[in-house]
Amino acid sequence: MGLAQRVSLILAATMAGFCQQIGPGTPQAGTIRAGETRDYSFEAGAGQFIWLTAVPERGSEVSLSLHGLDGTKLASTTQGEVFAIAPSAGTFRISVRGHGEYALTLQALRTPSADDRRRVTAFVATTEAAELLERRPRIAANTRQAIAKLLEVLPIWRELGASNWEGLAGHDLGNAYLSLQELAKAKTVLLDALPLRRATGDPRRAALTLSTLAAVLNGLGEYRDAVRYGEEALPLRREARDRKGEANTLNNLAFAHNRLNERDRGLELNLQALAIRREIGDREGLVLGLGNLAVAYRFMGLSDRALAFSAEALSVARELGDDGAVADSLSGLGLSHSLLGDFRKAHGYWSEAESLYERIGDSFGLSSAYLGLGTTNAQLRRYPEAIGYYEKSLALRRKSGNLQDQAASLLGHCSVFGKLGDLPKAAAFGEEALGRARRLGIKQTIGRSLRCFGELDRLAGRWEQARARLSEAVEAFRSTAADAVDLSLALSALAAVEMRSGNLQRALDLLKEAQQLVEAERTGLSGELRAALRASRTELYAMEIDALMQLHRIDPSAGFDSRALTASERSRARSLIETIADARLDLRDRMTAEQLRRESELLAKIAEARSKKTASAVDKAERELEIHQIAVRSAAVGAFAKSQYDGALRADQIRLDDGHALVEYALGETRSYVFALTPAGLTTAELPGQAELAKEVTAYRQELARPVTELTAATAAARWAAASRRMYKLLIGPVEKALERSNTLIVAPDGALAFVPFETLTATTPLLEKFTIEYVPSATALAELRNRANRTDKGGTLLALGDPAYARTGDASERGIAWTPLPNTRDEVLGIGGLFAPEKRRIFVGTAASERQLNAQDLNAVRYLHIAAHGYVDEDLPARSGLALSDGVLEVAEILRLRLRAEMVTLSACRSGLGQTLAGEGVMGLSRAFLFAGARSAVVSLWNVSDAATADLMKTFYSNLNRGQPPAHALREAKLRLAKGPRRAWRHPYFWAPFIFIGAPE
């Protein structure tokens, strides 16, 4: 006897011993528990047709698998019916899995007819298609292959009269089309399959097709029909005890209710679905449920919750290794950041999602990523790139048949061509989008289309037409309770039209409504995202100030100028003020040991990526850190929501000491304003628009920052004198009379003016000689910084780091970004240290001037923190700025982790006062990071500084402090010493003007 025969006999004997034997036509009742397998055996001759059925009782679920003599699986199905041709004679095994009661029957064992062979062929193709559709990650090529198989078998099942199998093939085909977002095709085949699925009497099958049809109708924007089919599916899901299916149906219903402006019902259904998924441990479904909740919260304007759920969805998707779910979650984070105005971060999330969608062949996801990338590029003024992405998105969406999604891509084109001034092309895209929106009856899309047309009318000077269209857009958004971004954009555009028409009070009413929407959106966000959202909607506040000042021109006695200053205060430095409030709660105190460990791990990962200069790795690591911080903040959202900004100082609440004056600037697109407030009253003046001011500032800064030597000192001084008189006339001249009795100026700059050292402005002599000048983000921020809890021990401690150990190459004359040795910084910090008693100073130089050493100190005991080193400022991505110490760069994220109570931080480094200027927020860079971390004030520089002159200035500065002078006054005296000193070159502001005092004086 051969080996194969012996093995066959052993297998047959094993089957006979452990499997219940069945014969044709006799039902076998059985019961099975979840996780168990029941096996049955039967004899079949070679080439015989095998037909097995397993009919489950209601509420039960079974799957079948047929195995041959050698154990090879011949067929498997979840449909309770198997067709096969026996490859050889012998004993076969049928395995039953699932749960509940069932009746197993060997329906036929015979010589196959032509129809029997067709049944087997169709069965094999149908089950293969199902396997292709179930593969993860889902690949478009697999889906296309499944569609081809299903299109072949559908007519076969129909001709054989196998309605249950025809219904299954139709359902799977519709699901495949849905996966590819070919929604019109999906709708047709699902409507054909639905009566067949209902006729089976199996609630699970009917519910599955009803729910899938509801998802398709949601995609097509047919929300009422989606609700109708979803509500028919829901009781069937419950009858079948299909908890996972019930959750899917609840999510589909929630989406439709949200789109129908029934937000409370939508949120309720989403929460029900999420609870079911958590209860049954459905991790894949959990990603979907979390993503749906993120969408729901975005609809409701609760961006903090949307971010938190998207972040959790991403975490679960990564644990599962599901690239499609990861991409969906990244896309959700991209959308949230885009709506909040943080377009750079949004671009990063969507770019990562794009790569994953391309890899798995998900055309719908890819079209969404393309749309997002088009939007972010447009907002970042990269118009050719935006058009390219919009074109790719539209091409995919035309293919899908989804009219609503097509409208979104068309509106992207409308917007970007409008910005480029090609109004006819913009209008053509807008007309096509509006036609689709009206056809679908989706008011939100109609509103977006009308808003685009209204903006085009404004650009063309068609004011009445713009008012009509924008008014209709506002009403469309209001009637759908549209998200805050849509409605606030329409309101601000309409307000601009009303202002142009002289309807100033109407414009103010519209702006107030828009501002309230933005304020509600800010709740619970991190300081960085609050700032981004505020900056993205800066026109709301600039327009309000402009409207009030125009009313002031009409009626100077009505107090509109005071209201305009109050509006300026309300709009400024909001993230800083709110972060000071947050600091009282201290997020780090609420973090677990594991969360702190994870944060440190991610910071190290960012540092490693930067050291390798791998930009993509840095971007990804920074996104991971943000996702971690979103999750941490979400856990404390209730507490942080209470710490939000509760109102700026009114103009009449700003208290100034005798001799002090507040000079606050508010920059606008066409007009800017300066407010000069003294104890005697308020004076205002109109200035040019921000573009013209920025041009003047750039030229002036270039003049000041040009290196000066003894040989060039005279000509440099003459150029500076002429330039400074021009800047004085522009910025101070209009209000100079109001400042005549002042000796201290508190300057609250805006936009590019944050980079102007006002001490250098000259009428007959520089302002340095007449005023002590302090810089603040706003009067309200100044009051908050003054109230910040600081040390009561005014003796305090000095912590100073200098002369870090750098590679000894290059020129060491400036503290620039070359990171060459700075020997004068050693003399600087040692000289400063000598002014303090030994027990009141901690000085670290050389290799000891390190981040590790800084973190090892008790910063609560530090009154003055002084860092003399090279600095690096990234004006596009301020979070990447830092100070170069011996063991690496102390970056913004690490500065934010410091717990400071310092009265003053001095950054004796190059350009430490620069950064990204966010409208209304000021400079986001190193100085703001130290204020965020707990410092009360900061001394920073506006350009590359001379190593030797800076060392001299700093020693004088601290000597003045040690004699009891307030910091701003002490800094002024140190500057005057250089400006009037014996070294002719050092009299030029290049040497003494870069350092400015920001924050609250002692």
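A residue is called buried when its relative accessible area is under 20%, exposed when over 50% and partly exposed in between, with a 1.4 Å probe and protein chains only. In this predicted model, local features need pLDDT of at least 70 and side-chain atom pairs count only at pLDDT 80 or more, while totals for chains, interfaces and linings use all residues. Residues are numbered from 1 along each chain as its sequence is written, and side-chain values use heavy atoms, with hydrogens and water left out.

**Overall composition**

Of the 1002 residues of the protein chain, 57% are buried. The chain contains 38 helices and 24 strands, taken as DSSP runs (H or I of at least four residues for helices, E of at least two for strands) and numbered from the N terminus. Where contact means heavy atoms within 4.5 Å, 70% of the contacts between residues at least 6 apart in sequence join residues at least 24 apart.

**Helix packing**

Two packed helices are described by the angle between their axes and the distance between the axes. Axes are lines fitted to C-alpha atoms, for helices over the stretch in contact, and angles run from 0 to 180 degrees between N-to-C directions. Angles under 35 degrees count as roughly parallel, over 145 as roughly antiparallel, 65 to 115 as roughly perpendicular and the rest as oblique.

Helix α29 (residues 690–704) and helix α30 (residues 713–731) have axes that come within 10 Å and cross at roughly 155°; the two are therefore roughly antiparallel. On the α29 side the contact includes Leu693, Val697 and Tyr700, and on the α30 side it includes Arg719, Trp720 and Met727. The residues of this contact comprise 10 nonpolar, one polar and four charged, where Ala, Val, Leu, Ile, Met, Phe, Trp, Tyr, Cys and Pro count as nonpolar, Asp, Glu, Lys and Arg as charged, and the others, Gly among them, as polar.

The axes of α16 and helix α18 (residues 443–460) lie 10 Å apart at an angle of about 15°, which makes α16 roughly parallel to α18. Contributors from α16 include Ala407, Leu411 and Cys414, and those from α18 include Arg448, Cys452 and Leu456. This contact divides into six nonpolar residues, five polar and one charged.

**Aromatic pairs**

Rings of Phe, Tyr and Trp (its six-membered ring) pair if their centres lie within 6.5 Å; planes under 30 degrees apart count as stacked, over 60 as edge-to-face and the rest as tilted. The count by this rule is 18 aromatic pairs. Two of these pairs are set out below.

| Pair | Centre to centre | Angle between planes | Class |
|---|---|---|---|
| Tyr370 and Tyr389 | 6.0 Å | 35° | tilted |
| Phe417 and Phe429 | 5.8 Å | 5° | stacked |

Tyr370 belongs to helix α14 (residues 363–379) and Tyr389 to helix α15 (residues 383–400), so their pair ties together parts 19 residues apart in sequence. Both tyrosines, Tyr370 and Tyr389, are buried. Phe417, in helix α16 (residues 403–419), and Phe429, in helix α17 (residues 423–440), are 12 residues apart. Phe417 counts as buried at 10% relative accessibility, and Phe429 counts as buried at 19%. Elsewhere, Phe49, Trp51, Phe83, Phe123, Trp157 and Trp165 form one aromatic cluster.

**A buried arginine**

Arg205 lies in helix α6 (residues 203–220) and counts as buried, with 17% relative accessibility. Neighbours within four places in sequence aside, Arg205 is in contact with Gln79, Asn164, Arg197 and Thr200.
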